[in-house]
Amino acid sequence: MSASITTFALPQRSAGAIGRGRGVTFGGAQVSTAGAKPKGIAHHAVTGAGQDLTLDVCGTTLVETGGAFAEGDSLAMDAQGRTVAAAALAVASGATAVTSASANGVAALVGGDPPTFVYADALVGSTGAGLFVEVLLRR
């Protein structure tokens, strides 16, 4: 197990049970949608709603893994708030790849978060689910 260097943490009131090292939503619940944008990572576990929780939001932190990934991989949330490798971007089957802004007449891409929000980078690899590894949070 690695250490962590949290440079910014936020207090949060829990909306339910949350596991240590799992992603937490802006509403205080454990992330339950794959690819969701977490507010932070639970520094410790809580057993129910209304409990005080500390979220690591900047620096490095320990996360619970949901699968294998390599050092340096971009990371996202799974449907249980665990950390998994982010899927590579790809052109959907039957779609046309855009190779320049003039290819489809759009000057720039605009909008919100991508369907899979990449929230961290792996500082060490994971060999499978249920491990705790150190990651570098993106903000």
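Figure 1. The structure, a predicted model, holds one cavity of 30 Å³ or more. The volume of the largest cavity is about 50 Å³. Its lining consists of Pro38, Lys39, Gly40, Asp56, Val57, Tyr119, Leu137, Arg138 and Arg139. By residue class, four of the lining residues are nonpolar, one is polar and four are charged.

**Figure 2. The salt bridge between Arg22 and Glu64.** In this salt bridge the closest N and O atoms of Arg22 and Glu64 are 2.9 Å apart. Glu64 is in strand β4, while Arg22 is in the loop between β1 and β2 (23–24), so the pair ties together parts that lie 42 residues apart in sequence. Arg22 has a relative accessible area of 16%, and so is buried. Glu64 is buried as well, because its relative accessible area is 12%; the cut-off for buried is under 20%.

**Figure 3. The salt bridge between Asp52 and Arg13.** Asp52 and Arg13 form a salt bridge in which the closest N and O atoms are 3.4 Å apart. The pair links distant parts of the chain, with Arg13 in strand β1 (residues 6–15) and Asp52 in strand β4 (residues 49–69), 39 residues apart. Both Asp52 and Arg13 are exposed.

Figure 4. Thr65 is placed in strand β4. Its relative accessibility is 0%, so Thr65 counts as buried. A polar contact of 3.4 Å joins the side chain of Thr65 to the side chain of Ser126. With residues up to four places away in sequence left out, Thr65 touches Arg82, Thr83, Ser126, Gly128, Ala129, Gly130, Leu131 and Val133.

**Figure 5. The second largest pocket.** This pocket has a volume of about 150 Å³. Ala86, Ala87, Ala88, Leu89, Pro114, Pro115, Thr116 and Val118 line the second largest pocket. The lining comprises seven nonpolar residues, one polar residue and no charged residues.

**Figure 6. The protein chain as a whole, for orientation.** The protein chain has eight strands and zero helices, giving the pattern β-β-β-β-β-β-β-β along the sequence. Of its 139 residues, 37% are buried; Arg22, Glu64 and Thr65 are among the buried residues. Among contacts in the protein chain with a separation of 6 or more, 60% are between residues 24 or more positions apart.

Methods: Residues are numbered from 1 along each chain as its sequence is written. This is a predicted model: local features need pLDDT of at least 70, side-chain atom pairs count only at pLDDT 80 or more; totals for chains, interfaces and linings use all residues. Side-chain values use heavy atoms; hydrogens and water are left out. A salt bridge is a side-chain nitrogen of Lys or Arg within 4 Å of a carboxyl oxygen of Asp or Glu. Helices (H or I, at least four residues) and strands (E, at least two) are DSSP runs, numbered from the N terminus. Buried means under 20% relative accessible area, exposed over 50%, partly exposed in between (1.4 Å probe, protein chains only). On a 1 Å grid over the protein atoms alone, a cavity is a set of points where a 1.4 Å probe fits but cannot get out, and a pocket is an open set with protein on both sides within 12 Å along at least five of seven lines; lining residues have an atom within 4 Å of a point. Grid points are joined across faces, edges and corners, and a volume is the space filled by probe spheres set on the points. Ala, Val, Leu, Ile, Met, Phe, Trp, Tyr, Cys and Pro count as nonpolar, Asp, Glu, Lys and Arg as charged, and the others, Gly among them, as polar. A polar contact is a pair of N or O atoms within 3.5 Å; within protein, one must be able to donate a hydrogen and the other to accept it, and residues adjacent in sequence count only if both atoms are side-chain atoms. Contact means heavy atoms within 4.5 Å.
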